[in-house]
Amino acid sequence: MARTTPPRPVDIAAVFPELVPLARRAVRLHPRPGRPTIHESSIGGPLLWPADEDWPACSDEHDHWQPPASLDDIRRRRDLLEAAWLRPRPSHENLLTPEQRAYLDKLEAGHPPHSAPNPLLPVAQLYLRDVPGLVGPEGADVLQVLWCPLDHKGGMPTARLIWRDSTDVQKVLTNPPAPLDVDHFGHYVPEPCVLHPEVVTEYPASHELPDELAERLHAWGRAEWAELHPDDEQYAGSAYYQFEHSVAPGWKVGGWGPWSFCDPWPMNCDTCGSEYRPLLTISSGEWDGGSGSWIPLEDRDHTGPVGIRNPSDPPMVQIGRGYNMQIYTCPTSFDHPHLEIMQ
């Protein structure tokens with residue numbers, strides 16, 4: 001099913017024509033639960049990987065705030081809790097039976113960290129045919145993103161980008177190695193999702209605008225919000241512009257940075273000095289209380305019970321305290337190192 005973002009509450013570029021040359025195309029990926037194959041674009045799905053190519057692993061030091069877990073234990077934990085939340089039960093009955101509680105405690109105990117290199121985990125596979133505007137090196141038609149599902153410097157996983165020509169893959173690796181360790185809570189273990197890419201237009205967050213324009217947008221946002229919601233000042237001013245009119249939430253390709261708890265700073269390639277451009281945003285959720293207007297039309301009439309697999313976050317990935325991990329790349333060369341930041 002296609003996903004359709006509702007029109008923005010206001011045509012902001014008509015109100016502020018200075019934004020027109022700053023417009024960027026973003027592709028909202030709209031990951032939804034599914035069973036993707038190696039020949040499809042996906043989040044958390046299997047990769048089209050050559051059988052004769054080594055599977056990458058991470059040898060970095062890791063920050064283990066809690067004992068790491070196994071990939072299987074994270075999936076068993078999710079299955080157990082999902083079934084428990086979806087099971088009809090009287091209001092006075094416990095969520096888990098004593099036996100289930102004991103089993104969950106065992107799953108949540110974790111294990112001592114391994115010292116061997118940690119095999120990476122698939123995060124995304126994006127065929128260029130499915131993502132308008134996504135361009136790779138000459139001959140490449142698919143981007144594969146893997147990461148080490150443990151905290152590294154900056155409190156995030158560390159990612160590996162692989163561009164490849166799918167026609168070069170003759171014999172496929174059918175049983176890639178699983179990570180020895182994943183983070184204790186499974187925040188970096190994406191659930192398999194199929195994608196429903198949709199092109200939208202974004203404008204810079206107020207943090208990246210000239211001061212004079214940002215101040216006028218703030219004043220406009222305050223007046224606009226006060227008229228629409230006279231008893232609620234929560235998203236007045238610049239927040240109303242950013243949440244409703246500038247940067248789309250959720251997993252996406254391209255667009256602008258979703259600046260939140262920190263301000264922008266110069267981000268330039270260490271190799272050539274070129275200004276980095278956003279490639280992929282890995283999100284902790286496609287909508288929340290402050291971004292409900294971005295909920296696709298097809299997802300607005302959700303009915304039925306909801307377990308731990310929240311409709312706004314099918315991949316079940318969490319970055320920091322519910323932020324975004326954004327991967328930037330150098331526009332000069334695909335061979336130059338990429339940049340990962342939390343926003």
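## Exercises on helix packing and buried residues

In this predicted model, the buried residues of helix H2 pack against helix H3 and strand E6 (121-127).

**Exercise 1.** Determine how H2 is oriented relative to H3, and which residues make the contact between them.

*Solution.* Two packed helices are described by the angle between their axes and by the distance between those axes. For H2 (residues 71-86) and H3 (residues 98-108), the angle is about 150° and the axes lie 9 Å apart. Because angles over 145 degrees count as roughly antiparallel, H2 is roughly antiparallel to H3. The crossing in which H2 passes H3 is left-handed. On the H2 side the contact is formed by Asp-73, Arg-76, Arg-77, Leu-80 and Leu-81, and on the H3 side by Gln-100, Tyr-103, Leu-104, Leu-107 and Glu-108.

**Exercise 2.** Compare the span of H2 with the expected value, and list the residues of H2 that are buried.

*Solution.* With 16 residues, H2 reaches 23 Å from its first C-alpha to its last, which is close to the 22 Å expected at 1.5 Å a residue. The buried residues of H2 are Leu-71, Asp-73, Ile-74, Arg-77, Arg-78, Leu-80, Leu-81, Glu-82 and Ala-84. As background to such a list, an α-helix has 3.6 residues a turn, so residues three or four places apart point the same way.

**Exercise 3.** Locate His-30 and Met-316, state the phi of each, and decide whether they are buried or exposed.

*Solution.* Most residues other than glycine have a negative phi. Since buried means under 20% relative accessible area, His-30 is buried at 1%, and Met-316 is buried at 14%.

**Exercise 4.** Describe the surroundings of Gln-326, and state how far Gln-326 is from Gln-144 in sequence and in space.

*Solution.* Gln-326 has its place in strand E13 and is buried, with a relative accessible area of 0%. Leaving aside residues up to four places away in sequence, Gln-326 touches Trp-256, Gly-257, Pro-258, Pro-278, Leu-280, Thr-281, Leu-339, Glu-340, Ile-341 and Gln-343. Gln-326 and Gln-144 are separated by 182 residues in sequence and by 15 Å in space, taken from C-alpha to C-alpha.

Key: Residues numbered from 1 in each chain as written. Predicted model: local features only at pLDDT ≥ 70, side-chain atom pairs only at ≥ 80, totals over all residues. Heavy atoms only, no water. Axes fitted to C-alpha atoms, helices over the stretch in contact; angles between N-to-C directions. Helix = DSSP H or I, 4+ residues; strand = E, 2+ residues; numbered from the N terminus. Parallel < 35°, antiparallel > 145°, perpendicular 65-115°, else oblique. Left-handed = near helix turned anticlockwise from the far one by under 90°. Contact = heavy atoms within 4.5 Å. Expected span 1.5 Å × (residues − 1). Buried < 20%, exposed > 50% of the residue type's maximum accessible area, 1.4 Å probe, protein only.
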